[in-house]
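Q: Can you walk me through this one? I'd like the quick tour.

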Amino acid sequence: MYTLLGPDGPYRSATPGTLGGTRRGRLYGRLDCPSALRALARGDTYAAGRVFFADEAAAIACGYRPCARCLPQAYAAWKAGG
């Protein structure tokens with residue numbers, strides 16, 4: 001079982017999330033994001049605040065923004081207000 005974050009809070013799922021994020025920055029991105037992988041490799045507190053989402057709609061509904069590094073088009077649209 002996997003713990004995913006949804007608009008109503010954390011929930012258990014038999015399917016892993018497709019996106020990861022961090023509570024601290026309230027951002028989400030791909031699971032293979034170079035920035036996230038670098039933060040995880042450092043071994044700092046990033047892993048403790050890691051969250052997972054079923055999809056982009058769930059991440060947005062939770063108030064998270066797209067990562068500028070791995071989702072540049074979604075980030076540009078978010079930054080432009082759309």
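Q: What kind of model is it, and what does the chain average for pLDDT?
A: This is a predicted model. The chain averages a pLDDT of 93. Of the residues, 99% score at least 70.

Q: Where in the chain is confidence lowest, and where is it highest?
A: Confidence is lowest in helix α1, residues 34-42, with a mean of 92. The highest is in β6, at 98.

Q: On to strands. In what order do the 4 strands of the open sheet come?
A: The order is β5-β3-β4-β6. The sheet is open and its pairing is mixed.

Q: Which strands stand at the edges?
A: Those are β5 (50-53) and β6 (65-66). Each has a single partner strand, so one side of each has no neighbour in the sheet.

Q: How many bridges join β4 to β6?
A: There are 2 bridges, and the two strands run parallel. Strand β4 covers residues 27-30. Tyrosine 28 has proline 66 in β6 as its bridge partner.

Q: And β1 with β2: parallel or antiparallel?
A: They run antiparallel, joined by 5 bridges. β1 is residues 2-6 and β2 is residues 9-13. Together they form a hairpin, with 2 residues between the strands. Tyrosine 2 stands opposite serine 13 in β2.

Q: Switching to side chains. How many aromatic pairs does a search of the whole structure find?
A: The search finds 2. Phenylalanine 53 and tyrosine 64 make an edge-to-face pair. Their centres are 5.0 Å apart, with 65° between the planes.

Q: Where in the chain do phenylalanine 53 and tyrosine 64 lie?
A: The pair links distant parts of the chain, 11 residues apart. Phenylalanine 53 is in strand β5. Tyrosine 64 is in the loop between α2 (56-61) and β6.

Q: Phenylalanine 53 and tyrosine 64: buried or exposed?
A: Phenylalanine 53 is buried, at 0% relative accessibility. Tyrosine 64 is buried too, with a relative accessible area of 6%.

Q: Where do tyrosine 75 and tryptophan 78 sit?
A: Both are in helix α3, residues 72-79. They are 3 residues apart, which means about one helical turn separates them.

Q: What sits over the ring of tryptophan 78?
A: The charged end of arginine 65 does, 5.5 Å from the ring centre. Tryptophan 78 itself is partly exposed, with a relative accessible area of 43%.

Q: Last one, threonine 22. Which strand is it found in?
A: Threonine 22 is in strand β3, residues 19-22. With a relative accessible area of 8%, threonine 22 is buried, because buried means under 20%.

Q: What does threonine 22 contact, leaving aside neighbours within four places in sequence?
A: Threonine 22 is in contact with Leu27, Tyr46, Gly49, Val51 and Tyr64.

Conventions:
Residues are numbered from 1 along each chain as its sequence is written. This is a predicted model: local features need pLDDT of at least 70, side-chain atom pairs count only at pLDDT 80 or more; totals for chains, interfaces and linings use all residues. Side-chain values use heavy atoms; hydrogens and water are left out. Buried means under 20% relative accessible area, exposed over 50%, partly exposed in between (1.4 Å probe, protein chains only). Contact means heavy atoms within 4.5 Å. Two strands pair if DSSP finds at least two bridges between them. Rings of Phe, Tyr and Trp (its six-membered ring) pair if their centres lie within 6.5 Å; planes under 30 degrees apart count as stacked, over 60 as edge-to-face and the rest as tilted. A charge sits over a ring if NZ of Lys or CZ of Arg is within 6 Å of the ring centre and within 35 degrees of the ring normal. pLDDT is the predictor's confidence in each residue, from 0 to 100.
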